[in-house]
Amino acid sequence: MRRKFLLLLEMGLILAGLALGWSAWKINSVLEQPLHVTQERLLDVPNGTNPNRMFYSMEREGLLDDAVWLRLYWRFNMAGTPLKTGEYRLTPGMTVEDLFDAWRRADVVQYNLTLVEGWTFRQVRSAIAKHEKLKHTLDGLSDAEVMDQLGHTGVFPEGRFFPDTYRFVRGMSDAELLQQAYMRLDDVLAKEWAERTTDLPYRDPYQALIMASLVEKETGIPQERGQIAGVFVRRLRLGMMLQTDPTVIYGMGERYNGRITRADLREPTPYNTYTMTGLPPTPIAMVGREAIHAALNPSDGTSLYFVARGDGSHVFSDDLDDHNSAVREFQLKRRADYRSSPGPQTAPETLPEAQPEPDEPDEPDEPDEPSPQESAPASEPEPASEPAPADAPAPDEQH
């Protein structure tokens, strides 16, 4: 009897060994099976999906075989391994084991969205709305409602986001991307503020951000940022009007069609620095780190005027006579390829092109007289209070 029992036990062990060996072979062959793909494609792993569900879904779609064995392998060998939401790239010849390795490394497909220096918040929202891989949660909301969704109620959005190339995976929301850009701007501004030059005419970092937006919109040559900031800072200290065309353009809003006239320069909008002294109440565009640095570290000098040469660079002058001479030389005989503002920015195809924003007004009726920006008043007006725009918080509530 005992001998018979030992024989049966031996046979059972042999069979168990064979079963285990076959199972190991089967699992190994299942792992090494090539995925049934003939050309590159993306595999979407939705939020909340577990590996078991993915195995059966892929089997139904004909991408792999023997999902039940893969389920067993994952359970005993990869239990607790998170499956990151996103898209995974499948290529011909790729095996199930290769796919598991991509899942372990969370090697999801990433997309780029570039927010460009000098863009307005309207342009930012347009670019984000056109990117189909983002989850759109902000469509149809007003700017104020967008800021509410981001947790920044009462903050005016213009200039509060950092221009950069942001990487994201499919399913990331537009709100999450904007929140990254908002926090990045706060971080850059705080670091630059901590290392600023002393004796600047700003009450707080927000006013420096406003100045940086003027520098951003006026600068065609990067190395001139500090000089332009220096002119604006000296004008602020003297109580002179800044007289910069981008503020006129911003105040015109959607009425701007690529040109401004003398009537536009005289229109007293909250942003028109031809009719008010001091800074505008808010930034007028997104700014890069270099513009922020220039606003907080303006170049020393004595110049109070500048005029565009037409190639993106400027001539800087200390007095009105020299400035008017430069105006006559560079403004009244403009070249065919004249431009005074920054040149076109390279951006993804999904992003809208910024509208042309000339710094000098078009004056067909008065060709022999320099424009107000080019011939700033010789007298210096008394400082005036800064009116707040109708759709923005008061200046003291911008922080």
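## Salt bridges in the model

The whole structure holds 13 salt bridges, a salt bridge being a side-chain nitrogen of Lys or Arg within 4 Å of a carboxyl oxygen of Asp or Glu. The model is predicted, so local features need pLDDT of at least 70 and side-chain atom pairs count only at pLDDT 80 or more, while totals for chains, interfaces and linings use all residues. Residues are numbered from 1 along each chain as its sequence is written, and side-chain values use heavy atoms, with hydrogens and water left out.

## The bridges of Glu87

Glu87 pairs with Lys133 in a salt bridge whose closest N and O atoms are 3.4 Å apart. Glu87 belongs to strand E2 (residues 86–90) and Lys133 to the loop between helix H5 (121–129) and helix H6 (143–149), so the bridge ties together parts that are 46 residues apart in sequence. Helices (H or I, at least four residues) and strands (E, at least two) are DSSP runs, numbered from the N terminus.

Glu87 is buried, at 2% relative accessible area, and Lys133 is likewise buried, at 17%. Buried means under 20% relative accessible area, exposed over 50%, and partly exposed in between (1.4 Å probe, protein chains only).

Glu87 also forms a salt bridge with Arg170, at 2.9 Å from N to O. This pair links distant parts of the chain, 83 residues apart, with Arg170 in the loop between strand E4 (165–169) and helix H7 (174–194). Arg170 is partly exposed, at 34%.

## A bridge between H7 and H12

The side chains of Glu192 and Arg289 form a salt bridge at 3.4 Å, N to O. Glu192 lies in helix H7 and Arg289 in helix H12 (residues 289–296), so parts 97 residues apart in sequence are tied together. Glu192 is buried, at 8%, whereas Arg289 is partly exposed, at 32%. Through shared partners, salt bridges join Glu87, Lys133 and Arg170 into one network.

## Packing of H2 and H3

The axes of helix H2 (residues 51–60) and helix H3 (residues 67–77) come within 9 Å and cross at roughly 160°. Axes are lines fitted to C-alpha atoms, for helices over the stretch in contact, and angles run from 0 to 180 degrees between N-to-C directions. H2 and H3 are therefore roughly antiparallel to each other, a term for angles over 145 degrees.

In the contact (heavy atoms within 4.5 Å), Pro51, Asn52, Phe55, Tyr56 and Glu59 of H2 meet Ala67, Val68, Leu70, Arg71 and Trp74 of H3.

Key. Angles under 35 degrees count as roughly parallel, over 145 as roughly antiparallel, 65 to 115 as roughly perpendicular and the rest as oblique.
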